[in-house]
Amino acid sequence: MEYHHHHPLWTRALHACNALVLVGMASSGLQIYNANPVFGGRSGDPIPSLLTLGGWLAAGRWWHFGFMGIFALVLGSWLLVLWKWRRERLGRGGDLGAIRASANPRKRNYALHKLLYTLMLVVLSLALLTGLAMYKPATLWWLSGWFGSWQQLRVLHFATIPAMALLVLCHVLLSLKLGGLRLFRAISW
Amino acid sequence: MKRRNLLQSALGTGGLLSLGGCALNPLGPEVAQLTRPLNERIEAWMQTNVAVPEFAQNQVEPAALLVNSFNGVPEINPASFSLTVDGLVQQPQQLSLGALGQLPQQEMVIRHVCVEGWAAIVAWGGVRLGDVLRLAGVSPLAGYVAFESADGYFETWDLRTALHPQTLLATQMNGAPLPAANGAPLRLASPLKLGYKLSKWITAIHVLSALNPQRLGTWEDQGYEWFAGL
């Protein structure tokens with residue numbers, strides 16, 4: 001029987017949890033989006049129901065506000081932990097140089113990996129902040145003020161979906177390229 | 001062998017994710033039941049009694065204020081219009097538009113936010129709901145306010161937000177008398193609640209000590225959130 005190197009159980013559980021919560025937030029978010037698409041308003045093009053969660057606006061909100069607590073908690077904890085270990089774990093300017101210049105392929109790949117998930121954290125933090133600003137534009141009036149007009153705010157919030165889709169795709173492709181199915185098994189079951 | 005496993009994993013995951021949309025939908029109400037009470041508690045706690053900063057007159061967006069109607073536009077004769085205020089109050093009221101006009105008039109420029117996702121900055125003018133309720137003398141037992149509208153629309157609010165200084169019974173919109181389509185002669189206006197809570201064509205206000213869970217509001221009874229705070 002082949003020996004599989006596994007990440008610790010808590011890492012694997014958290015990774016799976018993150019993936020599920022993000023899919024839930026995105027798909028319920030797209031359901032909410034359908035009530036008023038970004039371009040074209042109520043007569044604009046809706047997202048196909050295959051990709052949405054809820055079925056209609058009220059249900060989309062049940063799921064979206066149902067999961068937002070977990071999403072905020074996990075993201076917040078992740079940011080705290082990684083900030084403490086930022087020198088080793090977070091992508092930095094030096095990583096861009098390493099990707100281009102380093103002769104060591106492992107160093108290049110690790111730099112690219114760090115850059116990818118650091119960008120993910122930035123995009124997700126933006127999603128959280130713009131979401132809060134739309135959720136409580138009066139109570140948190142100072143926060144919604146950061147993002148300009150209402151249209152700018154909602155475009156930014158929605159734009160985090162294609163941004164994350166791109167980053168997740170790069171992350172999956174990079175991981176498969178580096179370790180294929182063996183690496184996938186290491187982070188899953 | 002490895003490529004086949006990879007393809008299977010990808011198809012499986014993708015299939016699962018898209019099926020999830022259809023298969024998970026029925027669980028929606030359970031998710032709401034689990035999380036909504038806590039969410040509404042947090043919303044109420046976050047909301048302060050302090051006034052929400054307002055916008056400038058030149059920031060008003062008249063075209064952005066779309067009109068959603070539950071049941072068309074009812075016909076109301078302003079000359080014979082009378083607002084009922086009763087329930088847990090010391091002096092129940094029947095207020096004509098003239099009587100309401102005698103109370104201190106307020107103006108505010110705030111953002112109207114619809115649950116559909118659009119918003120508009122509007123200049124509202126009218127009387128404070130709190131002033132009307134104080135005129136009637138609200139009982140210390142009161143906790144909620146119910147609003148009846150001429151088109152059959154129904155809403156209930158928490159008393160605290162109803163008494164907030166920026167909750168108005170509006171008669172003016174964007175510097176002109178309130179149009180019929182927007183709720184004339186009397187509608188609710190507030191920066192602190194989602195649009196569906198801002199009843200139009202209000203005919204009666206009832207002050208209550210408790211809510212009927214089966215009758216929280218026209219849209220709440222269909223699954224939308226009750227507190228709906230901004």
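Leaving aside its neighbours within four places in sequence, with which residues is Asn182(B) in contact?

## Surroundings of Asn182(B)

In this predicted model, Asn182(B) is in contact (heavy atoms within 4.5 Å) with Leu65(B), Val67(B), Met173(B), Arg187(B) and Lys200(B), leaving aside neighbours within four places in sequence. Asn182(B) lies in the loop between strand S8 (176-177) and strand S9 (187-189) of chain B; strands are DSSP runs of E with at least two residues, and helices are runs of H or I with at least four, numbered from the N terminus. Asn182(B) counts as buried because its relative accessibility is 9%, the cut-off being under 20% relative accessible area with a 1.4 Å probe and protein chains only.

## Interface of chains A and B

Chain B and chain A bury about 3100 Å² between them, 65% of it on carbon and sulfur atoms; this is the accessible area (1.4 Å probe) that the two parts lose on being put together, summed over both. The interface brings 42 residues of chain B into contact with 30 residues of chain A.

Two salt bridges are counted between the chains, each requiring a side-chain nitrogen of Lys or Arg within 4 Å of a carboxyl oxygen of Asp or Glu. Glu116(B) forms a salt bridge with Arg42(A), with the closest N and O atoms 3.1 Å apart.

## Basis of the values

Residues are numbered from 1 along each chain as its sequence is written, and chains are lettered from A and ligands numbered from 1 in the order in which they are written. Local features need pLDDT of at least 70, side-chain atom pairs count only at pLDDT 80 or more, and totals for chains, interfaces and linings use all residues, while side-chain values use heavy atoms, leaving out hydrogens and water.

Technical notes. Buried means under 20% relative accessible area, exposed over 50%, partly exposed in between (1.4 Å probe, protein chains only).
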